[in-house]
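Please look over the chain shown here with its aromatic rings in mind.

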Amino acid sequence: MWTSIALHTTPEIPLHRAPEIALLTRGVELDVLGIGYDAITDAERAAVVASHPRPDFKDEIVAAFTDGLHDRPDTTSGNVKAAVLAHFVPGFVRGDFVDAILKSAWSE
């Protein structure tokens with residue numbers, strides 16, 4: 001259980017696991033958040049999107065997250081480290097996961 005949670009909530013952990021786990025994590029980060037977008041060429045991205053289209057991906061994934069969480073809001077407390085900083089550091093602004101998705105470099 002710990003491994004499953006850690007792999008989904010701490011971006012650095014998968015990079016210290018088997019290469020397949022690190023690669024999967026990087027793929028998800030690129031696909032969902034656009035992390036590493038400029039590390040691949042326009043032609044490489046076009047080839048991937050031609051094989052795996054992304055119609056309305058950003059809105060669809062945000063809706064999927066919402067649908068999966070709205071009936072259980074108590075499970076969404078977030079990162080405790082951000083909560084500590086928000087409480088004690090004036091002016092601290094938490095990162096916004098939805099903004100990261102919607103503002104990623106992907107055109108769609």
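In which segment is the place of Ser-104? Ser-104 has its place in the segment after α6, where helices (H or I, at least four residues) and strands (E, at least two) are DSSP runs numbered from the N terminus. This is a predicted model, in which local features need pLDDT of at least 70 and side-chain atom pairs count only at pLDDT 80 or more, while totals for chains, interfaces and linings use all residues. Residues are numbered from 1 along each chain as its sequence is written, and side-chain values use heavy atoms, with hydrogens and water left out.

Ser-104 counts as buried at 10% relative accessibility, given that buried means under 20% relative accessible area, exposed over 50%, and partly exposed in between (1.4 Å probe, protein chains only). When its neighbours within four places in sequence are left aside, Ser-104 is in contact (heavy atoms within 4.5 Å) with Leu-33, Gly-34 and Lys-58.

**Aromatic pairs**

A pair of aromatic rings is described by the distance of the centres and the angle of the planes. Rings of Phe, Tyr and Trp (its six-membered ring) pair if their centres lie within 6.5 Å, and planes under 30 degrees apart count as stacked, over 60 as edge-to-face and the rest as tilted. By this rule the count is two aromatic pairs.

| Pair | Distance of centres | Angle of planes | Class |
|---|---|---|---|
| Tyr-37 and Trp-106 | 5.2 Å | 80° | edge-to-face |
| Phe-65 and Phe-97 | 5.3 Å | 70° | edge-to-face |

Tyr-37 lies in the loop between α2 (19-33) and α3 (42-51), and Trp-106 lies in the segment after α6 (97-102), so this pair ties together parts that are 69 residues apart in sequence.

Phe-65 counts as partly exposed at 35% relative accessibility, and Phe-97 counts as partly exposed at 43%.

**Charges over rings**

A charge sits over a ring if NZ of Lys or CZ of Arg is within 6 Å of the ring centre and within 35 degrees of the ring normal. The charged end of Arg-45 sits over the ring of Tyr-37, at 3.8 Å from its centre, and the charged end of Arg-54 sits over the ring of Trp-106, at 4.2 Å from its centre.

**The chain as a whole**

The secondary structure of the chain consists of six helices and zero strands, and its C-alpha atoms fill a box of roughly 45 × 30 × 30 Å, taken along the principal axes. Of the 108 residues of the chain, 18% count as buried, and among contacts with a separation of 6 or more, residues 24 or more positions apart account for 54%. The accessible surface of the chain, from the Shrake-Rupley method with a 1.4 Å probe, is about 8,200 Å², and 63% of this belongs to carbon and sulfur atoms.

Glu-44, found in helix α3, counts as partly exposed at 42% relative accessibility. The C-alpha atoms of Glu-44 and Pro-73 are separated by 39 Å, although the two residues are 29 residues apart along the chain.
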